[in-house]
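Me: I would like to learn how to read the features of a protein model, one at a time. Could you take me through this one slowly?

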Amino acid sequence: MAKKTVEHLGDLKGTHVFVRVDYNVPLEGGRITDDTRIRASLPTLEHLIRAGARLALASHLGRPKKGPTPELSLRPVAARLGELLEREVPMAPDCIGEEVKKQASALRDGGVLLLENVRFHPEEEKNDPPFARQLIEDTLSTVFVNDAFGSAHRAHASTEGVSHFVKTAVAGFLMENEIRYLDMAVHPKERPLVAVLGGAKVSDKIEVIQALLERVDSLLIGGGMAYTFFRARGSQTGKSLVEEDKVALAADLLKKGGSKIVLPTDHVVASRFAADAESRTLKATEVPEGWMGLDIGPETRRAYAERIRAGKVVVWNGPMGVFEMKPFAEGTLAVAKALADGEGVTIVGGGDSVAAVTQMGLAGKIDHVSTGGGASLEFLAGETLPGVACLQDA
C-alpha cells in the first residue's frame, strides 16, 4: 500500500502545489472550538513551505446544500492557520475563478493561499472533471498532495478528480501515517492481532467485521451492537438496542467467527435511557423485562483489558457503552486505559473512541489516533479508498 509522499518530490522551489487538507472543523458562532485537524496538517505544510513551494489549500466544511453559505466559510480557518504557521494566509473568495488565479499568481515561494469551501460547488461531490480541471488550472498547480485522509473514501473532485490533471500526485505526512498504521491491521506481521469494535449498530460495521474475522485472533464486541449478537444466540435482550433485520447476519458471523468473536459476559443494565436511571450489573444473559444494556460490566472490562494488553497490534473503533453518560462510560474508559498500558502497536479510530483517550489524557500513549472515522472503517474493511488509489505508488 506504499505511496509516494512529499519526501519523494524533487526541487519544489517556485512550484505551485494543490494540497487537499481536512479542515472540516467544529464551529460555534464563527469560532473554531477544536483545531486538531488544522494542527494535523502542519507537518506537511511546513515541509512544503521550507521547500519553497507555492501552496493552494483546498478543504470542505460541513454540508452546504445551496451553494455558498456564510456560516460554512473557511475564513476562520485561514485566521487560525496563519497563527499556527506564524505567517499570513490569505483567503480566496472562491476555490475557482479569475480572482483565485490572480491570488495564486501573486504567491511567492513558501506562500500559502486557502481556497474557499469546495462544497460551495455541487460539482465537487459529483467529481465533475471540468471542475477538477479548473481547480488545478486556476491555482496554476502541477503537483497534487492529498493529506485529507478523513475524506479519502470519497471520490470527489478535490480528493480524486484533480489527480488526473497534474503530473504528480503524492501523499502528505498525515495520509502516509494513516496508511502505514491501518495497514498493520489489514496485513498483520505480528500476532496476536486484536480488534475491539463497539458502537450502536452492527450494520455500521458489517464489512469491517467480515474482513477482520479473516485476519484477527480476537474480535472483542461491545456497545449496542452486542445485543444483536445476543439475540442471535437466543438470549433475552429486554429493551436493549437490537437490529432485528441483522439478527440472522449476526448468527452467521458468530458461526463463521467461532471462538474469535468475544462477547461481554456481564453488563450494566438500566431501567431507562438516562444518566440518573436505576442501574444494575448482571450477567450478560440477564436483562430484566423493560430494562436495557448500556455498558459492559467489570468482569468483561477485566477480560477485554487482558486480551488488549497481550495484543501485538490492537485496533479499536467504537465505544463499549453509552459513553456520553458518565454512569455508563466505564467500559469505554477501561478499554482506553488498556490500550495505553499495552506494549503492542495501538490504533484508535472513531469519534467516541478518540474522545475517550483524549478525555483521559491518554492520546499521547496511543501509537496512532486516526483522523478519519468512515475512511478508517472502509480501509479496515479492505475497500479501495479513491483518494489513496489515485496517488502514485512508491
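Me: Is E124 buried or exposed, and what is its relative accessible area?

Reply: Before the answer, a word on the source: this is a predicted model, in which local features need pLDDT of at least 70 and side-chain atom pairs count only at pLDDT 80 or more, while totals for chains, interfaces and linings use all residues. Residues are numbered from 1 along each chain as its sequence is written, and side-chain values use heavy atoms, with hydrogens and water left out. As for the terms, a residue is called buried under 20% relative accessible area, exposed over 50%, and partly exposed in between, with a 1.4 Å probe and protein chains only. E124 has a relative accessible area of 0%, so E124 is buried.

Me: Where does E124 lie, and which residues does E124 touch, not counting residues up to four places away in sequence?

Reply: Helices (H or I, at least four residues) and strands (E, at least two) are DSSP runs that are numbered from the N terminus, and E124 lies in the loop between β5 and α5. A contact means heavy atoms within 4.5 Å. When residues up to four places away in sequence are not counted, E124 touches R20, V118, R119, F131, H156, A157 and S158.

Me: How many salt bridges does a search of the whole structure find?

Reply: A salt bridge is a side-chain nitrogen of Lys or Arg within 4 Å of a carboxyl oxygen of Asp or Glu. The search of the whole structure finds 20 of them. In one, the side chains of K13 and D109 meet at 3.1 Å, N to O. This pair links distant parts of the chain, since K13 is in the segment before β1 (16-20) and D109 is in the loop between α4 (98-106) and β5 (112-114), 96 residues apart. With a relative accessible area of 57%, K13 is exposed, whereas D109, at 33%, is partly exposed.

Me: Which parts does the salt bridge of K101 and D138 tie together?

Reply: The side chains of K101 and D138 meet at 3.9 Å, N to O. K101 lies in helix α4 and D138 in helix α5 (residues 129-138), so the pair ties together parts that are 37 residues apart in sequence. K101 counts as partly exposed because its relative accessibility is 30%, while D138, at 6%, counts as buried.

Me: How many residues apart in helix α5 are E137 and R133?

Reply: They are four residues apart, about one turn of the helix, and the closest N and O atoms of their salt bridge are 3.6 Å apart. E137 is partly exposed, with a relative accessible area of 44%, and R133 also counts as partly exposed, at 40% relative accessibility. Salt bridges can also join into a network, as they do in linking D35, R39, R80 and E83.

Me: How much space lies in the largest pocket?

Reply: Pockets and cavities are both found on a 1 Å grid over the protein atoms alone: a cavity is a set of points where a 1.4 Å probe fits but cannot get out, a pocket is an open set with protein on both sides within 12 Å along at least five of seven lines, and lining residues have an atom within 4 Å of a point. Grid points are joined across faces, edges and corners, and a volume is the space filled by probe spheres set on the points. The largest pocket holds about 720 Å³ of space. It is lined by 26 residues, of which T36, V354, V369, S370 and T371 are the closest to its centre.

Me: Which elements give two or more residues to the lining of the largest pocket?

Reply: They are α1 (36-40), α6 (173-186), α12 (351-359) and β16 (368-369).

Me: How many cavities of 30 Å³ or more does the structure hold?

Reply: The structure holds two of them. About 80 Å³ of space lies in the largest cavity, whose lining includes V21, D22, R37 and T371. The second largest cavity has a volume of about 30 Å³, and β14 gives the most to its lining, with three residues.
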